[in-house]
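Colleague: Could you walk me through how to read the packing in this one? I'd like the general idea each time, then the case at hand.

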Amino acid sequence: MASDPDGYTIATTSDTPMVVNPWLYDKLPYAPLRDFLPVATIVRFPGMLAVHPSVPAHSVAELIALAKAKPGSLAYASAGVGNFSHLAMELFAQATGVKLLHVPYKGTGPASLALLGGEVQMGFNNVQTLLQNVRAGQLRALAVAEPERLALLPDIPTVAETVPGFAMAPWIGIIVPQRTPQAIVSRLSAETLAIMRDPDVIHLLNDQQVTPMASGGDAFEQLIKSDLDRWGNVIKSAGIWVE
């Protein structure tokens with residue numbers, strides 16, 4: 001943020017610092033679009049909704065019905081307050097009108113162990129985090145949170161097939177300090193997009209359940225604005241804050 005805008009200071013950022021933290025913290029030392037210029041998005045991490053095998057739900061519709069029949073009785077694990085695994089489930093709860101019990105853990109590891117051990121009934125996390133456990137029969141995958149089914153997992157439906165419009169995937173993009181010369185920003189964007197559109201790169205990422213997301217600076221800026229609005233609404237509606 002305080003570095004010289006000379007083109008030599010380049011950062012990758014996840015979505016959380018740019019579109020979530022501004023709503024969770026009262027005093028941040030930065031403002032996303034005041035202090036940074038979006039260069040390009042590079043990838044997103046498809047989300048997956050999974051349940052412990054003991055849960056008597058084999059689809060998103062059955063899970064919603066179960067949650068509505070027993071409001072507040074179904075618990076889900078997250079890697080912490082404000083984490084993707086927390087916000088994704090809050091988004092799901094608000095979109096479906098169900099009441100769930102949030103159990104925050106200190107990181108993805110403890111949250112995953114809690115779900116595997118049946119301490120909680122469900123969880124939302126990256127496909128690449130949960131897929132091994134799903135394939136081992138330790139968890140049951142109900143849906144992915146992409147707009148369309150994943151090519152490598154065609155038998156797993158999307159949440160949107162039951163909850164129209166639902167989509168959720170953390171993303172990573174490249175930013176530079178404000179006042180970086182536009183010629184430098186444009187060159188960085190073009191070179192980044194060329195790499196992310198390379199068929200070999202796309203194949204490598206898809207094999208790891210990571211989705212290439214090649215968008216330039218203008219589209220990236222619009223994504224930040226729309227996600228700021230979306231997560232602001234979710235966080236305020238759920239009354240989420242970080243002490």
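**Rings and cores**

Modeller: Let's start with rings: ring pairs link F84, F92, F124 and F166 into a cluster. Rings of Phe, Tyr and Trp (its six-membered ring) pair if their centres lie within 6.5 Å; planes under 30 degrees apart count as stacked, over 60 as edge-to-face and the rest as tilted. Keep in mind that this is a predicted model, where local features need pLDDT of at least 70, side-chain atom pairs count only at pLDDT 80 or more, and totals for chains, interfaces and linings use all residues. Residues are numbered from 1 along each chain as its sequence is written, and side-chain values use heavy atoms, with hydrogens and water left out.

Colleague: How many aromatic pairs does a search of the whole structure find?

Modeller: It finds 5. Y30 and F36 make an edge-to-face one, 6.0 Å centre to centre with 65 degrees between the planes. W171 and F220 are edge-to-face too, at 5.3 Å and 90 degrees. That pair links distant parts of the chain, since W171 sits in strand β8 and F220 in helix α9, 49 residues apart. Helices (H or I, at least four residues) and strands (E, at least two) are DSSP runs, numbered from the N terminus.

Colleague: Is W171 buried or exposed?

Modeller: Buried means under 20% relative accessible area, exposed over 50%, partly exposed in between (1.4 Å probe, protein chains only). W171 has 3% relative accessibility, so W171 counts as buried. F220 is buried as well, at 0%.

Colleague: Which residues touch the most other members of the largest nonpolar core?

Modeller: A nonpolar core is a set of buried Ala, Val, Leu, Ile, Met, Phe, Trp, Tyr and Cys residues joined through side-chain atoms within 4.5 Å. The largest one here has 46 residues, and L63, F92, L100, F124, F166 and W231 touch the most other members. Elements giving two or more residues to this core include α3 (60-69), α4 (84-96) and α9 (217-238). There's also a second, separate core of 19 residues, with A114, L115, V120 and L130 among them.

Colleague: What is L63 in contact with, leaving aside neighbours within four places in sequence?

Modeller: Contact means heavy atoms within 4.5 Å. By that test L63 meets L49, V51, A57, L74, F92, M122 and L142.

Colleague: Which residues of helix α5 are buried?

Modeller: In α5 (residues 108-116), they are A111, S112, A114 and L115. Seen down the axis, these fall within an arc of 160 degrees (taken from the directions from the helix axis to the C-beta atoms), so they line one face of the helix. Their cover includes β3, β4 (75-78), β6 and α6 (127-135).
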